[in-house]
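Hi everyone, thanks for coming. Please have a look at the model on the screen, and then we'll walk through a few spots together.

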Amino acid sequence: MKKLRYFLLLLILLPCTLLLGGCLNNTAYVTNIEKTQTLDNMDIYTVTYSDGTTSNFSVENGTDGEDLKIQDIFNYLIELDPDLYTNDEEGFKQFLQDYLTIQIDENDEKTAINKALLSAVSVYSEFPTYGGDTSVGAGAGVVYEMGDEYSYIVTNYHVVYYVNSTTSNKIARNIYVYLYGSDVSVTSSNSITNSINFGGDAIKCEYIGGSMNYDIAVLRVNTSDLKEVNENVRAVDIATGYEVGDTAIAIGNPEGDGVSVTKGIVSVDSEPLTMTGADDRTTITFRVMRIDAAVNGGNSGGGLFNSNGELIGIVNAKLMYASDGTPIDNMSYALPFNNITQVANNIIDNYESNNRAVGVTKLMLGVSIECVNRQNIYNPLTGESTIYDESVITAISGDSIAYSHGLEVGETFSAITINGERQDFSRYYDLENALISIRVGDNVQIYVETQNHVETMIDLEIITPNMLQSII
């Protein structure tokens with residue numbers, strides 16, 4: 001609540017109302033090999049890598065009409081120079097490493113940005129409003145998963161939700177995305193239809209679920225529609241972690257003018273941020289990271305990437321002014337990747353199981369928890385710092401799972417086992433992420449430490465539908 005009292009905090013969705021009659025792996029891999037030229041009896045082949053670079057090699061063309069195989073190229077080189085490689089498996093592996101991969105400097109942020117741009121989209125949401133008007137909200141998103149038939153895009157819930165929409169659930173009537181570099185055309189229609197023309201390379205999306213409390217929404221799109229615009233479109237690579245001081249590259253759709261990039265660092269790795277939700281009345285506390293990269297209206301839902309082009313967060317808010325009206329620069333927030341993935345996977349699984357937008361479901365234990373015993377452990381050998389903390393029970397609801405299994409105030413959650421796989425908690429938010437990852441039919445055990453540091457276990461056995469609760 002402190003931030004609500006002292007700051008004006010804005011969800012960084014860019015709304016514009018149109019009145020119609022009343023929004024790395026360090027190694028590049030080969031994406032294509034093709035014959036590009038023939039000179040006399042030599043065929044020239046061009047190798048294209050995932051970062052856009054190319055290299056060429058030549059071989060004597062054959063006469064039997066068979067397709068060239070990579071083993072043929074290796075054998076040809078051995079004939080030319082027997083000392084070049086050993087004619088065995090190890091020599092072949094070395095050949096592949098030399099000719100079919102290239103090493104990329106992990107600090108090559110240009111390469112990382114270009115990689116991330118292949119997963120970036122700008123998002124435009126059309127809302128019918130009272131009085132017969134139409135409003136368009138501009139935001140951003142990332143291609144989260146790609147399948148043969150459908151792909152999923154993750155954005156902020158407040159990008160596709162508008163409190164003044166006349167749709168039954170306040171979700172946009174139409175949602176379109178544009179890939180980076182594509183032709184964007186969003187224009188008003190006419191006073192009869194009260195709608196917007198989404199032209200150019202617009203790709204129509206379907207809303208499959210979201211949650212205001214997590215500010216995450218998932219859209220579904222035909223994979224063929226994405227590849228028709230850009231055959232190199234790709235799902236984001238998800239980071240395995242991040243730390244304060246890491247590069248933070250924000251890719252969004254500021255002012256609705258198309259995808260663009262800004263850069264900063266991670267300023268705070270995790271903190272609570274309390275603000276008013278998308279419905280303009282509910283007070284919600286998000287877990288966020290703080291960044292100093294410049295973001296503006298329209299950056300909402302856009303990806304935040306590290307120097308390897310891996311997703312570390314989704315940008316969703318920024319501070320605009322202090323309580324005295326003083327402008328605040330470059331103090332922005334993003335939802336962390338490990339929370340995003342759990343929520344997005346939950347939404348996708350629920351949709352695919354129910355064939356309708358269900359949203360987020362979570363195992364509710366019926367406890368209130370508090371983050372305690374936070375400490376920063378510095379490793380002088382690596383120069384890195386790691387934060388550890390714990391989640392202690394401060395209250396227990398009657399007629400709840402925690403109450404019926406005898407949990408007590410003051411005990412600390414230490415680990416969880418889901419279908420035989422144990423996860424130890426090192427941060428207070430690990431419990432929350434684990435509870436969102438649980439599905440109907442899972443076998444679950446939760447471990448707590450008593451105030452005397454004795455670990456005990458509660459066995460929930462097989463999770464049933466009535467144990468999971470929908471989160472708005």
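Let's start with helix H7 (residues 337-354) and helix H9 (residues 429-437), whose axes come within 9 Å and cross at roughly 15°. Axes here are lines fitted to C-alpha atoms, for helices over the stretch in contact, with angles from 0 to 180 degrees between N-to-C directions. Helices are DSSP runs of H or I, at least four residues, numbered from the N terminus. Angles under 35 degrees count as roughly parallel, so H7 and H9 are roughly parallel to each other.

Who makes the contact, meaning heavy atoms within 4.5 Å? On H7 they are Asn338, Asn339, Gln342, Val343 and Asn346, and on H9 Tyr429, Asn433, Ile436 and Ser437.

This is a predicted model, where local features need pLDDT of at least 70, side-chain atom pairs count only at pLDDT 80 or more, and totals for chains, interfaces and linings use all residues. Residues are numbered from 1 along each chain as its sequence is written, and side-chain values use heavy atoms, leaving out hydrogens and water.

pLDDT is the predictor's confidence in each residue, from 0 to 100. The protein's mean is 87, and 88% of its residues reach 70 or more. Over residues 1-8, though, the pLDDT is below 50, and residues 16-26 are below 50 too. Where pLDDT is low, the predicted coordinates should not be read in detail.

Finally, the structure holds eleven aromatic pairs (Phe, Tyr or Trp rings, the six-membered one for Trp, with centres within 6.5 Å).

Note on methods. Helix = DSSP H or I, 4+ residues; strand = E, 2+ residues; numbered from the N terminus. Parallel < 35°, antiparallel > 145°, perpendicular 65-115°, else oblique. Contact = heavy atoms within 4.5 Å. Phe/Tyr/Trp six-rings, centres within 6.5 Å; stacked < 30°, edge-to-face > 60°.
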